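Hi there,

Here is the structure I promised to pass on to you. Have a look at it first, and then read on for what turned up.

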Protein chains: 2
Amino acid sequence: MMLTKSKEELVQEFRVQSIQEAAMRVIARKGMAAATMSDIAREAGIAKGTIYLYFRDRDELVEKTFETAITELHRRIDAALEGDATFSAKLRALLSAQMEFFRENREFFRLYMSLRYPEGSPAQQRRQKRICQPQYRTRVASLAAILERAMDAGEIRRMNAARLALLVAEMSIAITIERVMEESPPAAEDDIEMIATMILQGIGLQHP
Amino acid sequence: MMLTKSKEELVQEFRVQSIQEAAMRVIARKGMAAATMSDIAREAGIAKGTIYLYFRDRDELVEKTFETAITELHRRIDAALEGDATFSAKLRALLSAQMEFFRENREFFRLYMSLRYPEGSPAQQRRQKRICQPQYRTRVASLAAILERAMDAGEIRRMNAARLALLVAEMSIAITIERVMEESPPAAEDDIEMIATMILQGIGLQHP
DNA sequence: TGATTGACTGACCGCACGTTCAGCGTGCTG
DNA sequence: CAGCACGCTGAACGTGCGGTCAGTCAATCA
């Protein structure tokens, strides 16, 4: 009895997962706005109607797909940041985790970018604002907390932590974008080293 | 004869301009994807059909609207960068020009962000890629050239100029986004000073 | 083996959009 | 003042989307 149910659940989960993966691929290929339910169904090898057995509507599909992937990203970033390494080490770990994640999940990237600033109908916008912006804000806030701690520890100069967190986050996303788009990006270590150096020492001339 | 034609042209230009301004306002309010031709016509106080007397289709309206505004932005940035000031001064001038422009043209900002990464139908995407990406790439490239010159002059350390230009551009956009979204942002000078300091000296501890 | 279930299908619906065009009014012409 | 020209209008059209649901059929049950 219990086993049977488990089996059904497994099948369900498999369907849900394969639909989400199809959605991700289609969005990656055509962009968020142009990805239709028919496209996604075709990509998943099922009928359009079947999607509606597992997701209430398009919004929910996109939302769940986003959440599944972003949860994994956050898990990795949190893992990179735990422990009490120096700020410099944590910064490199953060950059490394993010780049690695998007290298493995190139397809997620397009979805991630689409959701960062709301588009579409007002209802969709509200939904996206509810779902996605907090995710981003939370990340920036936790980065700000780390910066604050590093300031307290005297590892970095004292500045506006919130603004600084924003800058660091955006720099890391910018390089990630660039790497995802490049055919053959330079070694990740080189880019990480460059950003880390720039953040810590700037580009001025005072000696290392 | 010549005068009459001039007058008609003026009326035409006025219509074109007021439609573009309406488009900008609507896109700013509802987002690129949700801004319909009816919305734009209503905002401009004319009938939907009238727009098609001045623009072939929606794509052309968006494209022309974007170009008109971006041309002004580039004019200002170029003005800020000409002359042979120090890199440090040019950097501040660049940041200042960009922030000032988006403060005056808050409405353009949404359009600018929408077009940075293509969305919509494949045809729209091709168009946007053709129109918008080069604009952005050109700006980054010219920034890279300035960085290169500063390196030659020994004003800043030698690094990968292309990557660095990307980081500087993204940082400045990030703060601009933040400022556009904030109810009452801090004084522009403070933000400019912060980014400039961060870029030139980093956040590490070695004394100023 | 016939009955029953329910996951799956895809033709269909309503709607909202971009686009069109026949007709309207206004002002200029002869 | 009649007639013409033309910028403008907005109802109507075609298209393509998200979403629905009556029907299908393979697996399970009794």
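Which helices do the buried residues of α5(B) pack against? They pack against α4 (58–81), α7, α8 and α9 of chain B.

Before going further, some housekeeping. This is a predicted model, in which local features need pLDDT of at least 70, side-chain atom pairs count only at pLDDT 80 or more, and totals for chains, interfaces and linings use all residues. Residues are numbered from 1 along each chain as its sequence is written, while chains are lettered from A and ligands numbered from 1 in the order in which they are written.

α5 (residues 87–104) of chain B has 18 residues; helices here are DSSP runs of H or I with at least four residues, numbered from the N terminus. From first C-alpha to last, α5(B) reaches 26 Å, close to the 26 Å expected at 1.5 Å a residue (that is, 1.5 Å times one less than the number of residues). Its buried residues are B:K90, B:L91, B:L94, B:L95, B:Q98 and B:M99, where buried means that 20 or more other C-beta atoms, placed from the backbone, lie within 10 Å of the residue's own. These residues cover an arc of only 160° around the axis, which puts them on the same side of α5(B); the arc is that of the directions from the helix axis to the C-beta atoms.

Next, the two protein chains. Their contact takes 36 residues from chain B and 36 residues from chain A, with two residues in contact if their C-beta atoms, placed from the backbone, lie within 7 Å. On the side of chain B that touches chain A, α6 (106–116), α7 (122–152), α8 (161–181) and α9 (188–201) each give two or more residues, and the largest share, eight residues, comes from α8(B).

Finally, the DNA. Of the 15 residues around DNA strand C, A:A47, A:G49, B:T36, B:G49 and B:D57 come nearest; a residue counts as near if its C-beta atom, placed from the backbone, lies within 6 Å of the strand. The largest share of this surface, four residues, comes from α3(A).

Enjoy exploring!

Methods. A residue is buried if 20 or more other C-beta atoms lie within 10 Å of its own, exposed if 12 or fewer, and partly exposed in between; C-beta atoms are placed from the backbone.
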